[in-house]
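Keep the viewer open as you read.

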Amino acid sequence: MSTEPSETLSDAVSRIPSGSSVATGLALEHAIPFAAGHELVRQGTDDLTLIGPISDLLFDQLIGCGAVSRVRAAWVGNVSAGTGYRFREAVENDGIDVENHSNFSVALALRAGALGVPYLPTRSLLGSDVFAESDLFERGTDPFGGEEVALVPAIEPDWTIVHAQRASPEGDVHLWGNTGIVDPAVGAAENVLVTAEEVVEPAVIHSDPSRTAITREQVSAVVECPWGAHPSPVAGHYNRDNEYYLRYHGATDTQAAFDEWAGEWVYGVEDREEYMGLVDADLSITEPTVAAEVRYGQ
Amino acid sequence: MASETYAPRELMVSAAAAEIEDGDTAFVGMRLPLIAFQLAVSTHAPDSMAVYESGVVRDGPADGFIHTMCDLPNLNHAVSTTGMIDIMSRLQRGDVDVGFLGGAEVDRYGNLNTTRVRAGDEEIRLPGSGGACDIACMAGRTVLLMPHESRRFVEEVNYVTSPGHADDGSGRGNHPAPGGGPDALVTSKATFGFADGELFLRSVHPGVDREAMLADFPWTVRTAPEIGEGPVTTTPEPTDEELELIRTFDPDGFWT
């Protein structure tokens with residue numbers, strides 16, 4: 001699919017149909033695409049299958065908004081406070097289907113998708129109920145050495161959504177800080193939506209090619225979206241809004257309370273700019289670290 | 001010996017840090033281990049490294065409080081910020097010496113449950129494995145940390161999120177994972193080791209009534225002298241230096 005440079009977030013998200021499988025929150029607690037997630041529910045996109053490792057709040061919010069039918073993940077909750085009440089209640093009331101993973105099994109499933117192979121073996125999982133209760137994983141034997149291994153089949157998301165520091169309009173992306181399973185999830189996906197703190201000239205990307213995490217042929221849409229990962233942190237741009245996570249935990253223990261919260265923070269704003277008007281924490285970088293100069297040249 | 005008072009969780013952090021040996025590569029996850037690694041690398045284990053499943057590799061403490069492994073102080077001046085498969089590959093190859101795990105339930109073999117528990121007729125859904133299952137399967141040894149509450153100690157966990165030792169003394173015979181399994185359990189009242197795959201009492205925290213503490217378990221817990229592991233000791237209190245460091249890493253006592 002060709003890239004349509006620098007669409008609006010609304011236009012880009014409108015290309016994700018209800019019923020899609022969506023991998024996101026892939027850098028774990030770092031650079032979670034909250035802005036894109038909130039836009040999905042504002043557009044009424046639902047019946048989603050969410051794919052991810054540890055989801056720090058975004059999955060809980062999408063579930064609370066009724067957008068999710070199925071979760072394929074290793075952990076869903078609030079890393080500051082533990083329980084995600086909307087996830088917990090949805091599971092307990094059979095509101096969603098959950099496929100339990102470990103972080104590594106999600107990573108390997110996406111890596112298999114990215115590699116174009118049907119499955120990958122691992123020495124993890126065996127002996128756990130993550131394996132024993134799963135319809136997904138199989139037991140296998142290494143045909144060379146005879147070792148017993150768990151086999152993890154490929155997962156190929158319809159969409160992978162990534163938030164990054166900067167991207168060119170063509171869809172070449174610089175991403176730094178820890179990246180979790182961004183790389184395999186991008187490789188495995190049919191379509192990739194990138195939200196970036198900045199859309200930059202292609203020359204900026206070309207000046208530091210070793211920092212390029214995603215290249216244009218993998219990318220379906222690029223959107224400039226400052227603060228697009230708030231309340232999660234983005235290396236070089238802003239810190240994590242810890243108080244937000246604690247307030248959310250205290251404010252969403254019932255569906256009615258969540259609906260009130262979402263009425264303000266999701267449905268009550270039109271876009272990210274208006275959303276940031278609700279944030280009063282100072283999350284600015286107070287001690288910037290500038291990397292040593294990197295030279296390429298010829 | 002501490003000259004000032006300390007919180008139970010500060011002692012847990014001190015006891016958890018003591019489980020990291022100098023030169024270890026430690027797999028660090030959420031909550032108290034975030035503080036314990038920083039304490040260990042600042043005191044007795046300066047040549048230890050921490051790996052975090054998000055893709056962070058560190059050789060020193062963060063210069064600032066962290067809620068999560070991805071908070072910017074934990075990324076700033078890291079040795080490496082990479083991806084999960086890099087970190088999990090080290091674990092799977094057998095290059096991680098020690099990993100930390102928590103749990104809502106634990107049994108005598110160190111099987112841990114962080115997925116779903118029963119409360120009467122109700123089943124309560126918890127967040128799930130995260131990387132815990134992987135750490136339990138593949139770390140050289142694991143250290144389990146949890147509040148000392150009787151409901152957490154069970155004959156059989158409701159769900160094996162993180163496999164422990166086999167129930168027949170065959171070590172890790174219940175599955176072929178390469179890791180060594182649970183090596184210690186640190187609660188808010190005592191520390192325990194594992195011998196022949198089963199828990200035994202190693203030390204009791206200062207001021208804790210030993211018999212009442214042991215009554216929180218539904219089985220008769222073995223003690224160190226019963227299995228030839230020396231006497232049951234009193235867990236060392238955090239030193240003044242340790243307390244100062246813990247309060248630097250967690251200035252508002254959010255985790256401790």
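The domain bounds used here come from an automatic or database domain assignment. With that in mind, chain A is divided into domain 1 (9–118 + 154–276) and domain 2 (124–152). This is a predicted model, in which local features need pLDDT of at least 70 and side-chain atom pairs count only at pLDDT 80 or more, while totals for chains, interfaces and linings use all residues. Residues are numbered from 1 along each chain as its sequence is written, and chains are lettered from A and ligands numbered from 1 in the order in which they are written.

Let's stay with chain A for a moment. The C-alpha centres of its domain 1 and domain 2 lie 29 Å apart. Across the boundary, 9 residues of domain 1 of chain A are in contact with 6 residues of domain 2 of chain A, where contact requires that the two C-beta atoms, placed from the backbone, lie within 7 Å. On the domain 1 side, strand S4 (97–100) and helix H5 (103–115) of chain A each supply at least two residues; helices (H or I, at least four residues) and strands (E, at least two) are DSSP runs, numbered from the N terminus. H5(A) gives the most to that side, with 5 residues.

Now turn to chain B, which has 7 helices and 15 strands. Its radius of gyration, taken over C-alpha atoms, is 17 Å, close to the 18 Å that the globule rule gives for 256 residues, so chain B is as compact as a globular protein of that length. That rule is 2.2 Å times the number of residues to the power 0.38. Along its principal axes, the C-alpha trace of chain B spans about 45 × 45 × 40 Å.

Where do the two chains meet? In chain B, 43 residues are in contact with 50 residues of chain A. Helix H3 (72–75), helix H4 (84–93), strand S9 (122–125) and helix H5 (132–138) of chain B each supply at least two residues of the side that touches chain A.

Finally, find Trp255(B), in the segment after helix H7 (240–249) of chain B. Trp255(B) is buried, with 21 other C-beta atoms within 10 Å; the cut-off for buried is 20 or more such atoms, counted from C-beta positions placed from the backbone. Leaving aside neighbours within four places in sequence, Trp255(B) is in contact with Arg31(B), Leu32(B), Leu34(B), Ile35(B) and Asp250(B).

Definitions and conventions
Buried ≥ 20, exposed ≤ 12 C-beta atoms within 10 Å, placed from the backbone.
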